[in-house]
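Dear colleague,

I am passing on a structure that you have not worked with before, and my notes on it follow directly below. Please read them with the model open beside you.

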Amino acid sequence: MNWLEGINFTTSLVVLIILAIPISIGIFLYFYDRSQKQHAILRNYPILGRVRYMFEKAGPEVRQYLFNGDNSGKPFSREEYLHMVMPGKYLNSVIGFGSKRDFQEPGHYIRNAMFTKQNEEMRVDNDNLLSTMRYEVDTDNLFSRKEHREEVTTWPWLLPEEDAIVLGSNCEHPFVVRSLLGQSGMSYGALGDHAITALSKGIGMAKGAWMNTGEGGVSDHHLIGVADIIAQIGSGLFGFRTEDGQFDIEKVKEKAQIPQIKAFEIKLAQGAKMRGGHVEGEKVTEEIAAIRNVKPYTSINSPNRFKQFHDYPTLFSFIEDIRHAGGKPVGIKIVIGGKQDAEDGAEGGSGATYQDLADSVGLPLRSSLILLDDALRKFEVRDRVKVIASGKIITPDKAAIALALGADLIQVARGFMISVGCIMAERCHTNTCPAGVATTDKSLQRALVVEEKKFRVTNYILTMREGLFRVAAAAGLDSPTKFERHHVIYKDERGNIHSIE
């Protein structure tokens, strides 16, 4: 055998080995699937069944990128997703050609004014410019895209001091808010430390905004960015409990001493889960367990409600105890189910919940706001209560409508998640988030670079605030704080116009 024949023989042998491996695996799987008793399709059609399950597994991603239209897809369409991504990356929300909204569908619209406001007429504090980083596109071709990151200075779009929203005006330490937008509750545990750190730093750089800790307690990652913080207390009392799970008022006093913590929030419910929270055991690292005062790597389920109160009098007594101990404002997070209840809409998201609760329990935000605003006015306490609305408010126009329907401030969760890299893989509850956002797995969190994503958080806030002032100007208002119901109309499926008033 000469050297050429030797090469041919070796090559043929390698090819046979390469072919033999998948064939052997296929034969094994064929007979294994034929004999297993769990899956009916695989038992009768081993090969086709495997192909079916492969497509079923990849289905959500395939539909998201190839089949869903720009305005289809849940919980957010591609168009809505881009409205959160682009401002964060490019500090810009300008679109070309026209809106992709289906104007034949029923929906809310903001009344435009015949005589709009000019920039110099707006009641806004843009005196102190902020520094951030944004991307500029150099080339954008079919097979290549080049862009560079650059430092820019931009306006902060804050409320002037005289227009600030004051939470807890009768408290020892009121919370004075000059940003109409903040981050809704997302706990350390539901999100990893990279995500929480990027959010903290980005919100801190935006000035005036705040972050809500979610029900997982206050961590060093929340505090690192020097952002204002609302510390949430859930029914599991994480971060505010003793080792045996009892409420510890001393923890409230301890947290209240932290200057960044401006207020407390008692979480009775949230939009996607009218129940206590849930975190899978593999997400509960030793650090998270220490913060929450639970056992590491054990699944956490908060109780369906607080054991410390059972009706309105005992609830308000609990609120008063926390306010007295901390000297700071205390709010409640609720989902409205009807007129007898009376912030958070049922559209809210969650790291983990049950489908039946997310889909059908609680009213949507816009209906809830009207009911709540009406109830507060009926009992003549509207001036004493501040309403923070949350539930898929991801763009300035949606925020403006919420303000018009009765909200004083806006909280956003998933807009911030997407700003730090979320691709809507819907694996939040599995600890396998491919973007490193909703996971505590160190290898997966490597994808989320804090130094990069913190600027996207800042930019998202700034574009949202700027957009609110822009929409207000279009409505003839010199401040978005002046939105009222008569600034919004509703168009039904027949094209008829209805006043919200």
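Arg456 and Glu452 are 4 residues apart in helix H15, and therefore about one helical turn separates them; helices here are DSSP runs of H or I with at least four residues, strands are runs of E with at least two, and both are numbered from the N terminus. Their side chains meet in a salt bridge at 2.7 Å, N to O, a term that stands for a side-chain nitrogen of Lys or Arg within 4 Å of a carboxyl oxygen of Asp or Glu. Both Arg456 and Glu452 are buried, where buried means under 20% relative accessible area, exposed over 50% and partly exposed in between, with a 1.4 Å probe and protein chains only.

This is a predicted model, in which local features need pLDDT of at least 70 and side-chain atom pairs count only at pLDDT 80 or more, while totals for chains, interfaces and linings use all residues. Residues are numbered from 1 along each chain as its sequence is written, and side-chain values use heavy atoms, with hydrogens and water left out.

Helix H15 (residues 450-474) also holds Lys454 and Glu451, which are 3 residues apart and form a salt bridge of 3.1 Å, N to O. Lys454 counts as buried at 13% relative accessibility, whereas Glu451, at 42%, is partly exposed.

The count of salt bridges comes to 24. One of them pairs Glu147 with Lys89, the closest N and O atoms being 2.6 Å apart; since Glu147 lies in strand S3 (residues 145-154) and Lys89 in helix H4 (residues 78-90), the pair ties together parts 58 residues apart in sequence.
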